[in-house]
Amino acid sequence: MHVFRDGRRDIDVLARVRALARSSDALDTLLRAGELECALIDARDPAARDAIAWSDAAADAVIAGTRVVAPPLPSPVIDRAPASVPEGFAYYAVHPLDYAHAAMRAVPPGVPALVLGIRTIGTTLSAIAAAALRARGSTVVRATVRPSGHPFDRRATLDPDLAIHTRALAATGGIALVIDEGPGLSGSSFLAAADALVLAGVPRERVILVPSHAPDVDRLCAPDAASRWRALQVVVASPTRVTPEGARAEISAGAWRTSMLDASAPWPPTWPAMERRKHVAHDGAVLKYEGLACFGDDACARGEALASLGISPRLHRLPDGFVRWERAPGRSLSPRDAPPLDAIARAIAARLELAPVTLEDASALERATRDNVRALLDLDRTIALPLARPVIADGRLAPHEWIAGPDETVRKVDAISHGDDHFLPGPCDVAWDLAGAIVEWDLDRAHTAALLDRYVGTTGDRDARARVPAWTIAYLAFRTAWLAMARDACGGDERTRLAHASDALRARLARALRR
């Protein structure tokens, strides 16, 4: 089943260089430089050397708390390059300084070190770890590697120059750090990088893994993962900066349901491990992670635009990737409420003006829909998804995402980032959100027609009525697969909620395909 989307996209390299020159904040510069460094190394562009210098200079400035001493700007040969979103910075509240602190715990002051980052995000994380060690007197060599091969059995190779540095490090009694977020299901990227260092001469006991969390090593599915992992030292980059100022209590991982929903209504299911970090402030505002520095810019711009139209609550950006969302007065709606068709149509229509994108086709979503239908129903069906009004969708239209105020005004919450995160759909036709509202509110024919009439009346998008049936199948296939995958990852009451919701939508998907 497919629920995650490919985060790789082409970036305008020259635009990234110009943005690097304009950036005035050291942390923002580090994130931009690290992304550019990674893209240029992967593209084998000689300008990668200058991008590395920018990453190192920005990391030094972050550690020292100073402005960046800017090296010469890179002059790339290529105009565009594929790049992956660093998910930890964009979605999971990973902060570079967590890795600086971990590196200082792993390497005593003055001890030589090799810092090996695993691309993508390991590029930036290796730069900050190396800067922290340099600041304490260590001689540091920094490099990055991209393991390749089957996701559960990756291999890594050190280039000749790095192999020479690695042997020299081993001869001086230095320590080698392997830096990345994760590990994921297999741990194979970490283990591949560690194996490459050992093969180059670093004693295994002087190779230290620096992940973002401590995994259950017995569940890692790389070959002999548990024994290989346990043979290495591990220093976890424990979060040190994930509680925003003014927070009263954390409400991540589904805990928001206790304080924010009608106590008499059934809880909506969630996938706790995939939720963004969030807290409630002393005054009731919600403090939610929306992306560190430049990785939160687009989402927050959408949020500000939606707030200016009165569609969503006001927001204020905080340090370290968090956003303060005003707590809209009123109550969250539930499936027992009448659907607020005017508010839903207005919020969806606003995406056409506030979040338009350029998209040539929906072939990736068509393939995912076909594969999900086959996995869920054992049917081989190809669903053509007409693309007329591409947008960054809201992606979350369920009843509890709407707040009815004392004056009967209805506002949409959590509307800025889910349509452009690591889950499907990514950029798609606005009909995805129309379909999402129809499915999540379980609208009958009359209410569906009324919603579409309101949307078409606002936008003039008369073809939407013809596009919605196919996009409804795509939405049902994705949402059912998402619920099923979450069910398999959870236990207890959450698993029961997820199973019930998945079964119900699977039946609806089967009915939709029979029409």
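Visitor: Which residues of helix H6 are buried in this model?

Guide: The model is a predicted one. Helix H6 is mostly covered, with twelve of its 14 residues buried. A residue counts as buried when its relative accessible area is under 20%. The buried residues of H6 are Gly122, Thr123, Thr124, Leu125, Ser126, Ala127, Ile128, Ala129, Ala130, Ala131, Ala132 and Leu133.

Visitor: How far apart are the end C-alpha atoms of H6?

Guide: The expected span is 1.5 Å times one less than the number of residues in the helix. For the 14 residues of H6 this gives 20 Å, and the distance in the model agrees with that expectation. The end C-alpha atoms of H6 are therefore apart by 20 Å.

Visitor: Which residue with a positive phi follows H6?

Guide: The phi angle in question is near 100°. The residue that follows H6 with this positive phi is Gly137.

Visitor: Which residue forms a salt bridge with Arg119?

Guide: Side chains of opposite charge can pair when their charged atoms come close. For Arg119, the N to O distance in the salt bridge is 2.9 Å. Arg119 lies in the loop between strand E3 (113-118) and helix H6 (122-135), and its partner lies in helix H2 (residues 26-42), so the pair ties together parts that are 77 residues apart in sequence. The partner of Arg119 is Asp42.

Visitor: Is Arg119 buried or exposed?

Guide: A residue is buried when its relative accessible area is under 20%. The relative accessibility of Arg119 is 15%, so Arg119 counts as buried.

Visitor: How many residues apart in sequence are the parts tied together by Asp283 and Arg324?

Guide: The side chains of Asp283 and Arg324 meet in a salt bridge, at 2.2 Å from N to O. Asp283 lies in the loop between strand E9 (278-281) and strand E10 (286-289), whereas Arg324 belongs to strand E12 (residues 322-325). The separation in sequence is 41 residues.

Visitor: Is Asp442 buried or exposed?

Guide: Asp442 forms a salt bridge with Arg508, their closest N and O atoms being 3.5 Å apart. Arg508 has a relative accessibility of 17% and counts as buried. Asp442 has a relative accessibility of 55%, above the 50% cut-off. Asp442 is therefore exposed.

Visitor: How many salt bridges does a search of the whole structure find?

Guide: Some of the charged residues form a network of salt bridges, in which Asp28, Arg32, Asp297 and Arg317 are linked. The search of the whole structure gives a total of 40 salt bridges.

Conventions. Residues numbered from 1 in each chain as written. Predicted model: local features only at pLDDT ≥ 70, side-chain atom pairs only at ≥ 80, totals over all residues. Heavy atoms only, no water. Salt bridge = Lys/Arg side-chain N within 4 Å of Asp/Glu carboxyl O. Helix = DSSP H or I, 4+ residues; strand = E, 2+ residues; numbered from the N terminus. Buried < 20%, exposed > 50% of the residue type's maximum accessible area, 1.4 Å probe, protein only.
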